[in-house]
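Please have the structure open while I talk.

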Amino acid sequence: MIQTIVTAHYEEMSQLAADQVAAFLIKKTNAVLGLATGGTPLGMYDRLIQMYHQGKVDFSHVTTFNLDEYIGLSKDHPQSYAYYMWHHLFSHVNVHQENVHIPPGVFEKQEQVQRDYEQAIERAGGIDLQILGIGENGHIGFNEPGMDLEVATHVVPLTEKTIQANARFFTSIDEVPRRAVTLGMGKIMQAKHILLLASGKEKARAIAQTVNGHIDPRIPSSFLQLHPHVTMIIDKEAAQELQEVSSV
């Protein structure tokens, strides 16, 4: 079931998302969070940092797992997702480094990396709250559209559309990595709660297909219809192709 909440603009979406994450952490101080990168969650992370400095939220007992990482980028590369997370959230709150988990972008044994990440999530007791963004083609993490969606953590070649969408973060499109390691849809669906964020008219079609379309591996996000606890917070531009949604 997907509960859809439409906000007036990106700033309101970000604040509401931060409020929900903070409320979750107040209720369960040792929660396991699944975290996303990209442009959409930045406003939420900014507000969580503000709430931390105001004493409203505590990360000292929180464990985190990121969705994905580019292959070929070291953790200190400015465009790696590890760098993103430390720059935009972790270094500003009291999360403990040993409780932060991000797939490595540089490794020798692919199968070992995949297995180790899955086992780490299992040892932590599974993900309590998974934060998600969504691609224009409905991809979740780096689970791209296709007839054979992977269940577990895996390495995936990025589609040309995803490469083009991510090129804005690099000096040139040639610098964008062509592969990534990502949680599979099966592991994402095992999260106890999911919070999906989307902003902008370019996400409107994907959002409509996610909520109102048929469940289809060519729209990976459509599988969220099968999850019992999904909250989707989107701005009105991202909601413009939706029907029967609530607004705040």
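Buried here means under 20% relative accessible area, exposed over 50%, and partly exposed in between, with a 1.4 Å probe and protein chains only. This is a predicted model, where local features need pLDDT of at least 70, side-chain atom pairs count only at pLDDT 80 or more, and totals for chains, interfaces and linings use all residues. Residues are numbered from 1 along each chain as its sequence is written, and side-chain values use heavy atoms, leaving out hydrogens and water.

The buried residues of H1 include Met13, Ala17, Val21 and Leu25. Down the axis of H1, the buried residues fall within an arc of 165 degrees, so they line one face of the helix. That arc is taken from the directions from the helix axis to the C-beta atoms. Helices (H or I, at least four residues) and strands (E, at least two) are DSSP runs, numbered from the N terminus.

Now the rings. How many aromatic pairs does a search of the whole structure find? It finds 7. Rings of Phe, Tyr and Trp (its six-membered ring) pair if their centres lie within 6.5 Å; planes under 30 degrees apart are stacked, over 60 edge-to-face, the rest tilted.

Tyr81 and Phe142 have ring centres 6.2 Å apart and planes at 15 degrees, so this pair is stacked. Both Tyr81 and Phe142 are buried. For Trp86 and Phe90, the centres are 5.2 Å apart and the planes at 70 degrees, so that pair is edge-to-face.
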